[in-house]
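Colleague: Could you walk me through reading salt bridges and helix packing in a model like this one?

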Amino acid sequence: GNSYASYILGLLYENNKKDFNKCVFYYNKSFEQGNSHGLVRIGDCYDNGVNIKKDNKIAFDYYLKASKLNNPVANRNVGIYYFTGIGGSQDFNKAFEYFEIAAKLGNNDAICHLATCYEQGKGVPQNPSKAIEYYTKAADLGVKMAILALGIYFEKGHIVSVDMKKAVEYYQKGADMEMDLPTLRLGICYEEGIGVEHDPLN
């Protein structure tokens, strides 16, 4: 059998037909053929309550199952579940471990979550400079959460020295990606001439 074909059929039944039972059937079939993406999709359905009653515990079980097949998104999601305590027990050490695995597997969001762990000292000793290093790495890879965080941190002087030019750089980057809050902050910076030449019409 073709795992990708089964996965596509699962997507079809999930998105177009809104038939949860059939989409689960095909996602599970694709998993049996070695494709873990379907398990993540089933987890997402339970996580978001799409086409099925929301159930974080079941979602977590599906993410965990997919994470064992080195699925980067699943590893990140398991990390989030352990970090927040949704759907089971809160465990910052395990959260950090799963974020690390996800980041190594190429999930850029997980790099931002690692930064948060270093910032807050959750699952790892608190290390502000390491946090900024990871936020910067994530922002360079286009992770919106990291771009926003760095803009705010450089503006407010949180775990870094105030640097309005850097704050504006990150707000500009966020604005270029059509993010609401960085666009708003950037407008205020231009209006008040903070970190930029005063230009209320920009």
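**Salt bridges and a helix**

Modeller: Let's start with a pair in helix α3 (residues 37-48): aspartate 44 and arginine 41 are three residues apart there, which means about one helical turn separates them. Helices here are DSSP runs of H or I with at least four residues, strands are E runs of at least two, and both are numbered from the N terminus. This is a predicted model, where local features need pLDDT of at least 70 and side-chain atom pairs count only at pLDDT 80 or more, while totals for chains, interfaces and linings use all residues. Residues are numbered from 1 along each chain as its sequence is written, and side-chain values use heavy atoms, with hydrogens and water left out.

Colleague: What joins the side chains of aspartate 44 and arginine 41?

Modeller: A salt bridge, with N to O at 3.0 Å. The term stands for a side-chain nitrogen of Lys or Arg within 4 Å of a carboxyl oxygen of Asp or Glu. By this rule there are six salt bridges. Glu14, Arg41 and Asp44 are linked in a network of them.

Colleague: Is aspartate 44 buried or exposed?

Modeller: Buried means under 20% relative accessible area, exposed over 50%, and partly exposed in between (1.4 Å probe, protein chains only). Aspartate 44, at 17%, counts as buried, whereas arginine 41, at 21%, counts as partly exposed.

Colleague: Which residue forms a salt bridge with aspartate 109?

Modeller: Arginine 76, with the closest N and O atoms 2.9 Å apart. Aspartate 109 lies in helix α7 (residues 108-120) and arginine 76 in helix α5 (residues 72-84), so this pair ties together parts that are 33 residues apart in sequence. Aspartate 109 is partly exposed at 31%, and arginine 76 is buried at 16%.

Colleague: Now for a helix: what should the 13 residues of α1 (residues 3-15) span?

Modeller: The expected span is 1.5 Å times one less than the number of residues. For α1 that gives 18 Å, and its end C-alpha atoms are 18 Å apart, which agrees.

Colleague: Which residues of α1 are buried?

Modeller: Ser3, Ser6, Tyr7, Gly10, Tyr13 and Glu14.

Colleague: What do the buried residues of α1 pack against?

Modeller: They pack against α2 (20-32) and α3, where contact means heavy atoms within 4.5 Å.
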